[in-house]
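Visitor: I have the model open. Can we go through it together?
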Amino acid sequence: MEFTSFLCIICILNLNQFVKAENLDVYIVHVDHAQISDDLETFYDSFLPTNTNLAAASTNSTIDKPRILYRYRHVISGFAAKLSEADVEAMRQMKGFVSARPERMMPLHTTHSPNFLGLNQNMGLWKNSNYGKGVIIGLVDIGVEPSHPSFADAGMPPPPAKWKGECKFRAGKGACNKKLIGARFLIDELSPLTDGHGTHTASTAAGNFVGGAGFFGNANGTAAGVAPLAHVAVYQACNAYGCGESSIAAAIDAANDDGVDILSMSLGDRFYRYFSDGVLAIGAYRAMQRGIIISCSAGNGGKRGLANGAPWIMTVGASTIDRKITATVVLGNGEEIEGETGKGFPSTGKLELVYPWPFFPGDTSIRGKMVVRENQKGKSDSGQVVKDAGGAAMILINTYDQGDTTFDDPHVLPALQIGYADGLKIIAYLNSTSNPTATMSFKGTVIGGGRAPVVAAFSSRGPNKASPGILKPDIIGPGVNILAAWPFSVENKTDTKSTFNIISGIIVVPASQWAIKSAIMTTAYQENLKGNPIEDESLQPANVFAIGSGHVNPSRANDPGLVYDILPDDYLQYLCGLNYPNQEVSILVGRKVDCSKEKSIPEAQLNYPSFSIVLGSTPQTYTRTLTNVGKANSTYDVEIVSPDGVNVKVEPKKLVFPKLGDKSSYSVTFTKTTKGAINSTTQAFIRWYTADYSVRSPIAVVRKD
């Protein structure tokens, strides 16, 4: 593939000499922005080797040669090219060269959800905001199926005049319309029939209203995206192997020219020492400078760490919704255990219950029995193995790390998935009797259940290693068992294009400007439908590093009262405060920077809507500034809930805003009052409120004694 490193050895006989080609990899090359001329192509080309062993020794056009793949205009000052190590070494001696490194691959992260968010057709925020009408959402993913009804343009206005994009579907493969207004292919066009991720994420963000949606007769209703009348532009930068940084950068570069308002990406960078080490963070920064917001998933790594930790990115974790497709197993002792499935079957009679360990494919001893299996990757495949061996039904039990996160998978035999705690009950029952039995029945779609939202086991958690003074994720949102468009029928229907699937992965919440990001964070909620604290996959209260500010609440975010505003220059002060080398800061901001001549601030001083404090014995004081976007003549009081072992002092205790647009600042001092274990964490919040508004900022404190 064009975006992965590979070995190419070509032997050529020339003047009785054996010439060996060097390995070529895709490199991201940064150059000095000040040196870039008006003739961008010629300037970038000047860095390529004029003569290499490979180029000199062969005229065969099929042989891989050093060449430029992408010339960037906005996202970075530089280009992506196929180069050898020797080529890069030669570049280092050239005027204008800054740095080069091999590209990395990023993994993709993967109807009722709008209702769960409080979005209802013909009323409330959806109606008041015209369902996202006039907004252009760009999606960097794996491509979409343009003929799907979710991308029909009924009720859509023409694209805004600012739209400058293109529609580059191959002839006969689809066409753009007033909903799907653009399509660019930064790698070879891949049929969406090979992978539905792009179709699913695009329709989740901005799919039009489609009646009659469902999944194997379940989750029936009208499907719609979060912004159903927004326009969609798709940038295919990914394939089945992931997303190359060079093509991601090219996608963001094109989106800058095309005129998108929001760029949404359900893919992720891992932790890097510097934000400038990741193309996604650089691209997001440059987009922010041009008024574009980039929203990204926090990642699918669970407790292993968080992706996309830059403060100029809206970082979203994943949680459940209150819809389940349920099945129930009744054990021989009468105990009932509820689980999830994606496909209903007739109820089973009483079956012998077995837990073969280890289980080998083809084990005919399970014939006619209900088989207990530990949940591993490829859950539906697990069912196929059981079915092929003659098993009659299956119970998938989660591991400890998977907790209570279960999925609506379309199994090939009667089956359900249950959480870790319920799995222990089944194992205990198996060990308690010499004749274990069970029955299984299917209830279908159930809406309600007070535990939702629950943080998904796979949803990545903080702390934010790249910048511990910035709390991440920012928020959580629906990301488990989401019904949305799919490019083909998973039910093998051939008589309709209205095809849907349920998959899990983070819904990236659209946000049109920094103030909206602040509004989403400060109006998020922290309680589940029962009024108890939001729980994690272990069904224990989730901490601030799992939920950030809380679960997104679009209806309240539409009228937040106050917002924390951040200007691009504030980020420069923040980056210099991180003690980045000047070269790394310059790569991010797109111009030469000398931090010794710039003002710098501690990272926790950035005017962010949350606080993340690494606290030792010395008190720390930070300021925040709020802007009034609610009502004139408003006075806000403060509620302070201090973390355990930490005193939080806020001055002043009241903020007064005579007019809309007025700004008012406050300071917060954090002082440790008791000793705690090193690296232990504690949390609390500050809330500014009136009778009409509540503006909440979470606090995370990591103790360093």
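Guide: Start with Cys167 and Cys176: a disulfide joins them, S to S 2.1 Å. A disulfide here is a pair of cysteine sulfur atoms within 2.5 Å. This is a predicted model: local features need pLDDT of at least 70, side-chain atom pairs count only at pLDDT 80 or more, and totals for chains, interfaces and linings use all residues. Residues are numbered from 1 along each chain as its sequence is written, and side-chain values use heavy atoms, leaving out hydrogens and water.

Visitor: Which hand does the link of Cys167 and Cys176 have?
Guide: Right-handed, with 90° about the S-S bond.

Visitor: How many disulfides in the whole structure?
Guide: The search finds 3. In sequence order, the bonded cysteines pair 1-2, 3-4, 5-6.

Visitor: Is Cys238 buried or exposed?
Guide: Buried, because its relative accessible area is 0%. Buried means under 20% relative accessible area, exposed over 50%, partly exposed in between (1.4 Å probe, protein chains only). Cys238 bonds to Cys243, with the sulfur atoms 2.0 Å apart.

Visitor: And what about the link of Cys576 and Cys595?
Guide: That one is left-handed, at -75° about the S-S bond.

Visitor: New topic. What does the side chain of Asp662 reach?
Guide: The backbone nitrogen of Lys659, at 2.8 Å. Asp662 counts as buried because its relative accessibility is 17%.

Visitor: Which residue has its C-alpha 7.3 Å from that of Phe545?
Guide: Leu471, 74 residues apart along the chain. Phe545 is also in contact (heavy atoms within 4.5 Å) with residues including Arg461, Pro473 and Val702.

Technical notes: Polar contact = N/O pair within 3.5 Å; in protein donor to acceptor, adjacent residues only side chain to side chain. Lists of a residue's contacts leave out its neighbours within four places in sequence.
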